[in-house]
Each structure stands twice: as C-alpha cells, then as structure tokens.
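Visitor: I have a model open and want to go through it piece by piece. Can you take my questions as they come?

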Amino acid sequence: MRVLIYPVHLKKHRESFSLYLAGDLHYGDPNCDTDAFYPRFIDAVQEDTSRVKLVGLMGDYIYEFPKQDRRNYGNTRPNRSGVLGLYSEVRDMLKPISNRVIACLAGNHDEDWYKAENI
C-alpha cells in the first residue's frame, strides 16, 4: 500500500473546507505499510487548520478472505475473531478523527466478510 496525501481545499468565504479520502488500506496484509495510514494520514487530518475538515473512507479496510474464498491461500487467520480483531484495530486507528468522518463505504473485501460471516 502507498498513501498519497493530497488534501483538497475549497477556499471560498465561509464555505471553505478540506476533504481527505482514504481507501484500500488492506490492513493485515504483510506488505501493508501501516505507518503510511497511521500516523501519516491521521496526522495530516489532525494538523489541518481548516475550519471544516471532512474525511471519507472508501473500503477494503482489512486484507483477509473467508475460508471458502478462492483467494484464501492458507495465509489468513483461521477464525472469525482474527478478522474482528483487525477491524477493531482499524477502528481504533480512526478514533482520533472519527468526528470528521462523513462516509464509510464497504469495499469488495468487506462485502466478502459481510456475505460469508455476517460481519
């Protein structure tokens, strides 16, 4: 994963705001650079001095596959608590900016878990 931080600033009188978007975190992937999202992305949002800061999250928060999924090569955690643990860790990373999050979309990895495990 690579994080590109390009804040969008709309500067127009009282309607100015900053918009931050993040997606495809794939937390739990051995190749995931967690530092790129936390703390870099989180810090960028927190350090922004704009009056209004908005964050949109675009899904694929973790990198795990249900047991029956063809993409599961045996490298995933064997039980549901591992998956819930990963989602909990992502949630904890987001807590410092949670009051700025205006949308959380589900990605295809997230949908796979919803369908397979009702998570």
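Guide: Below we go through confidence, strand order, a few loop residues and the nonpolar core.

Visitor: Start with confidence. What is the mean pLDDT of the chain?

Guide: This is a predicted model. The protein chain has a mean pLDDT of 79, and 74% of its residues reach 70 or more.

Visitor: Where is confidence lowest, and where highest?

Guide: The lowest is strand E1, residues 8–10, at a mean of 63, and the highest is E4, at 92.

Visitor: How many helices and strands are there?

Guide: The protein chain has 3 helices and 4 strands. Along the sequence they come in the pattern β-β-α-β-α-β-α.

Visitor: Which strands does E3 pair with?

Guide: E2, residues 17–22, pairs with E3 in the parallel sense over 5 bridges. The chain gets from E2 to E3 by way of helix H1, residues 34–47, in a right-handed β-α-β crossover. E3 is also joined to E4, residues 101–104, by 3 bridges, again running parallel.

Visitor: How many residues of E3 are buried?

Guide: 4 of the 5 residues in E3, which spans 53–57, are buried, so the strand is mostly covered.

Visitor: And E2, which residues are on its covered face?

Guide: Ser18, Tyr20 and Ala22 make up the covered face of E2, while Phe17, Leu19 and Leu21 form the uncovered one.

Visitor: Changing topic: where does arginine 100 sit?

Guide: Arginine 100 is in the loop between helix H2, residues 80–94, and E4. Its contacts, leaving out residues up to four places away in sequence, are Lys53, Leu54 and Val55.

Visitor: Is arginine 100 buried, exposed or partly exposed, and why?

Guide: Arginine 100 counts as partly exposed because its relative accessibility is 27%, and that class lies between 20% and 50%.

Visitor: Now the loop between E3 and H2. What about aspartate 60, buried or exposed?

Guide: Aspartate 60, which lies in that loop, is buried because its relative accessible area is 6%, where the cut-off is under 20%.

Visitor: Which residues is aspartate 60 in contact with?

Guide: Setting aside neighbours within four places in sequence, aspartate 60 is in contact with Asp24, Leu25, His26, Gly107, Asn108, His109 and Asp110.

Visitor: And isoleucine 62, buried or exposed?

Guide: Isoleucine 62 is in the loop between E3 and H2 as well. Isoleucine 62 has a relative accessible area of 0%, so it is buried.

Visitor: What does isoleucine 62 touch?

Guide: Not counting residues up to four places away in sequence, isoleucine 62 touches His26, Tyr27, Val83, Leu86, Tyr87, Val90, His109, Asp110 and Trp113. Take leucine 86: 24 residues from isoleucine 62 in sequence, with a C-alpha to C-alpha distance of 6.6 Å.

Visitor: Which residues touch the most other members in the largest nonpolar core?

Guide: Phe37, Phe41, Ile62 and Val90 do, in a core of 21 residues. E2, H1, E3 and H2 each contribute at least two residues to this core, and H2 gives the most, with 6. As a general point, nonpolar side chains tend to be buried together in soluble globular proteins.

Visitor: What does valine 90 touch?

Guide: With residues up to four places away in sequence left out, valine 90 touches Leu25, Tyr27, Tyr61 and Ile62.

Visitor: Back to the whole chain. How much of it counts as buried?

Guide: 37% of the 119 residues in the protein chain count as buried. The chain exposes about 7,600 Å², and carbon and sulfur atoms supply 50% of that area.

Visitor: Last one: what share of the contacts comes from residues 24 or more positions apart?

Guide: Such pairs account for 78% of the protein chain's contacts with a separation of 6 or more.

Technical notes:
Residues are numbered from 1 along each chain as its sequence is written. This is a predicted model: local features need pLDDT of at least 70, side-chain atom pairs count only at pLDDT 80 or more; totals for chains, interfaces and linings use all residues. Side-chain values use heavy atoms; hydrogens and water are left out. Buried means under 20% relative accessible area, exposed over 50%, partly exposed in between (1.4 Å probe, protein chains only). Two strands pair if DSSP finds at least two bridges between them. A crossover is right-handed if, with the strands pointing away from the viewer, the path from the first strand over the helix to the second runs clockwise. Contact means heavy atoms within 4.5 Å. A nonpolar core is a set of buried Ala, Val, Leu, Ile, Met, Phe, Trp, Tyr and Cys residues joined through side-chain atoms within 4.5 Å. pLDDT is the predictor's confidence in each residue, from 0 to 100. Accessible areas come from the Shrake-Rupley method with a 1.4 Å probe; for residues, only the protein chains shown count as cover.
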